[in-house]
Amino acid sequence: MADATPRKPAKATLLILGGSAEAADLARAAVERFGKRLRVVTSLAGRTAAPKKLAGEMRIGGFGGEEGLAAYLQAEDVRLVIDALHPFAVVMARHAVEACAELSVPRLALRRAPWVRQAGDHWIDVPDAPAAAQALIERGVTRAFLASGLKDMAAFAGLPTIWFLVRLVDPQPEPLPLERYGLIFARGPFDAAQDELLLKRHGIEAVVSKNSGGKASVAKIVAARALNIPVVMIAPPAPPPGETVATVPAAISWIARHL
Ligand SMILES: NC(=O)c1ccc[n+]([C@@H]2O[C@H](COP(=O)([O-])OP(=O)(O)OC[C@H]3O[C@@H](n4cnc5c(N)ncnc54)[C@H](OP(=O)(O)O)[C@@H]3O)[C@@H](O)[C@H]2O)c1
């Protein structure tokens with residue numbers, strides 16, 4: 001006999017490309033607001049060993065390029081994509097642009113505003129990590145706080161005159177490609193007063209930072225301002241093409257319009 005029980009319609013899936021504080025906030029807000037109608041999945045690259053639990057579902061690991069992402073969107077019947085990536089995650093952002101365009105899946109980018117220079121800041125603006133390394137050399141810096149992430153570390157290799165203080169989330173299996181360095185492990189959000197102590201304790205003469213905006217990692221910038229220390233600031237890449245919003249409420253309104 002045929003099963004007469006009506007099948008529950010599957011919920012539409014929202015895929016959030018995560019890795020930023022805003023992605024976590026968005027997942028929470030989307031589950032709260034649309035949880036009855038929407039399956040909320042946040043994707044993480046898997047760079048940290050024990051990521052914080054997020055609202056809704058989590059999936060971890062690369063998709064396998066643009067084709068892999070397109071296959072995932074189809075297999076999971078993803079109706080909406082919000083790219084809430086860290087502003088420097090440009091490869092994944094490009095894959096999302098391409099896969100969503102190919103399958104006509106609506107896509108939004110959520111990008112927080114970059115930090116802007118304030119009174120008392122001594123920023124040295126550079127376009128990328130190699131230029132940041134060059135700026136340290138030109139200024140004769142001997143002790144720098146390298147807060148620009150593991151990915152661009154190679155740009156600071158082969159600099160025997162500079163000792164780097166590097167803050168990472170997890171210990172790494174391999175030594176860093178730096179001549180001289182010290183490591184600390186911590187996960188944001190960071191505190192400005194504690195970062196000030198850290199910079200003082202290690203005799204830091206310059207901070208290297210990506211201009212990634214947001215609150216979670218601004219502490220080092222505030223601390224450098226307080227201590228009159230220069231910040232070698234790496235400019236953020238242009239956001240991906242298409243609609244971009246800067247806040248979680250604006251992203252929630254976009255979901256409401258597209259459901
Ligand atoms: N770049 C930074 O400074 C920075 C800082 C803090 C946090 N993050 C976060 O860390 C992650 C990796 O950043 P990245 O700069 O290495 O990225 P990326 O260079 O743009 O991406 C490299 C590859 O990593 C995979 N990937 C990246 N983000 C993913 C995600 N959210 N879900 C599934 N796979 C993802 C993709 O692999 P496949 O091609 O196999 O799909 C992608 O091609 C991102 O989620 C980003 O938001 C980055």
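This is a predicted model: local features need pLDDT of at least 70, side-chain atom pairs count only at pLDDT 80 or more; totals for chains, interfaces and linings use all residues.
Local features need pLDDT of at least 70 and side-chain atom pairs count only at pLDDT 80 or more, whereas totals for chains, interfaces and linings use all residues. Residues are numbered from 1 along each chain as its sequence is written, and side-chain values use heavy atoms, with hydrogens and water left out.

Helices (H or I, at least four residues) and strands (E, at least two) are DSSP runs, numbered from the N terminus. The axes of helix H2 (residues 65–75) and helix H3 (residues 90–103) come within 9 Å and cross at roughly 50 degrees, where axes are lines fitted to C-alpha atoms, for helices over the stretch in contact, and angles run from 0 to 180 degrees between N-to-C directions. H2 and H3 are therefore oblique to each other, given that angles under 35 degrees count as roughly parallel, over 145 as roughly antiparallel, 65 to 115 as roughly perpendicular and the rest as oblique. Their contact (heavy atoms within 4.5 Å) involves residues including Leu 69 and Leu 73 of H2 and Met 92 and Ala 96 of H3.

Six strands, paired in parallel, form an open sheet in the order E6-E11-E10-E7-E8-E9; two strands pair if DSSP finds at least two bridges between them. Strand E6 (123–126) and strand E9 (180–185) each have a single partner strand, so one side of each is left without a neighbour in the sheet. The twist averages 20 degrees from one strand to the next. Between strand E10 (residues 206–210) and strand E11 (residues 231–234), the parallel pairing extends over four bridges.
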